[in-house]
Amino acid sequence: MSSLSSRHLLGLYEVPKEDVQLILDTAKTFREVLERPIKKVPTLQGKTILNLFYENSTRTRLSFELAEKRLSADTMNFTKSGSSASKGESFKDTVQNIEAMKVDMIIVRHESAGIPKYLTQISDANIINAGDGRHEHPTQALLDMYSIREKTGKLEGLKVCIVGDIGHSRVALSNIYGLQTMGAEVSVCGPSTMIPWQLESLGVKIYNNIDKAMAENDVLNVLRIQLERDAGELIPSVREYHNYFGITTERIAKNNPDILIMHPGPINRGVELSSEVADGTSQIILNQVTNGVAIRMAVLYLLGTKTE
Ligand code: CP
């Protein structure tokens with residue numbers, strides 16, 4: 001049986017194509033399980049999984065929890081609010097105290113980049129990065145790639161443009177690494193203040209004109225403007241941003257009626273996407289969410305049953 005090359009999933013940087021392919025193909029099997037009347041398999045029975053969330057989340061936290069339950073694992077949920085972190089307990093002490101209860105896998109979201117890697121040094125569990133600062137969010141990129149492949153039938157040769165607040169985004173970096181590994185042509189589009197210049201050295205084309213980006217790409221993965229991370233300081237106003245970069249039905253009709261619109265969520269309606277686009281026929285936003293459960297089942301299964 002094929003297995004992943006690492007016992008952790010910290011990001012998609014330098015993850016081999018065979019690993020990405022294996023995760024996507026395994027997710028397809030689990031996607032079928034999710035359509036059955038009984039959506040549960042006994043694969044991870046007896047395993048204990050900790051969801052360690054130091055930052056807010058709706059989709060990632062709930063879909064990991066559901067994926068763990070679908071695989072029959074025992075789950076523990078930690079969120080920073082309501083925990084003893086408010087009494088000054090350190091991250092390391094928190095993790096080691098919870099791990100003393102015997103935990104096999106840890107899913108971690110944290111505002112600091114590098115925390116998942118640090119966890120591999122202080123814990124014996126399999127570690128999965130559920131988003132670390134502005135660094136990576138590998139399962140989001142995997143579910144994005146799965147959703148693109150499901151809709152278009154391929155990744156190789158496809159032109160995918162990531163739009164918006166690129167500099168603050170961990171979704172952007174994981175998508176760039178993953179899509180390039182799978183042979184897609186990746187570009188970004190947004191105001192210059194939101195695009196790190198180093199991206200060019202990764203072979204990523206940069207657009208500052210959304211109409212041109214739409215005309216020249218097959219897929220737009222539209223990112224949230226991260227106002228909680230001071231993105232407001234990088235643009236004159238959200239209204240101005242929407243005028244220059246917002247995706248509207250008019251822009252779709254004018255530039256590329258066949259374009260596929262994606263968004264990892266949460267959406268700022270009327271900023272990145274008009275409400276008509278967010279609810280319209282060009283987007284696959286809720287398919288992405290459904291596929292997220294299957295992707296997370298695949299990652300948990302492949303890491304949880306890895307032998308060496
Ligand atoms: N896409 C995503 O990571 O959403 P959440 O922050 O709700 O998990």
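Contact between the two domains involves 26 residues of domain 1 and 25 residues of domain 2, where contact means heavy atoms within 4.5 Å. This is a predicted model, in which local features need pLDDT of at least 70, side-chain atom pairs count only at pLDDT 80 or more, and totals for chains, interfaces and linings use all residues. Residues are numbered from 1 along each chain as its sequence is written, and side-chain values use heavy atoms, with hydrogens and water left out.

Domain 1 covers 17–136 + 292–304, and domain 2 covers 138–288. These bounds come from an automatic or database domain assignment. The domain centres, taken over C-alpha atoms, are 26 Å apart.

The ligand lies between the domains, because both give residues to its shell. That shell consists of Ser57, Thr58, Arg59, Thr60, Arg109, His137, Gln140, Pro264 and Gly265; a residue is near the ligand if one of its heavy atoms lies within 4 Å. By class, 1 is nonpolar, 6 are polar and 2 are charged. Gly counts as polar, Pro as nonpolar and Arg as charged.

Polar contacts are pairs of N or O atoms within 3.5 Å.

| Residue | Protein atom | Ligand atom | Distance |
|---|---|---|---|
| Ser57 | side-chain N or O | oxygen | 2.6 Å |
| His137 | side-chain N or O | oxygen | 2.9 Å |
| Gly265 | backbone N or O | nitrogen | 3.2 Å |

Taken alone, the ligand exposes 250 Å², and the protein buries 90% of that. Areas follow the Shrake-Rupley method with a 1.4 Å probe.

Definitions and conventions
A polar contact is a pair of N or O atoms within 3.5 Å; within protein, one must be able to donate a hydrogen and the other to accept it, and residues adjacent in sequence count only if both atoms are side-chain atoms.
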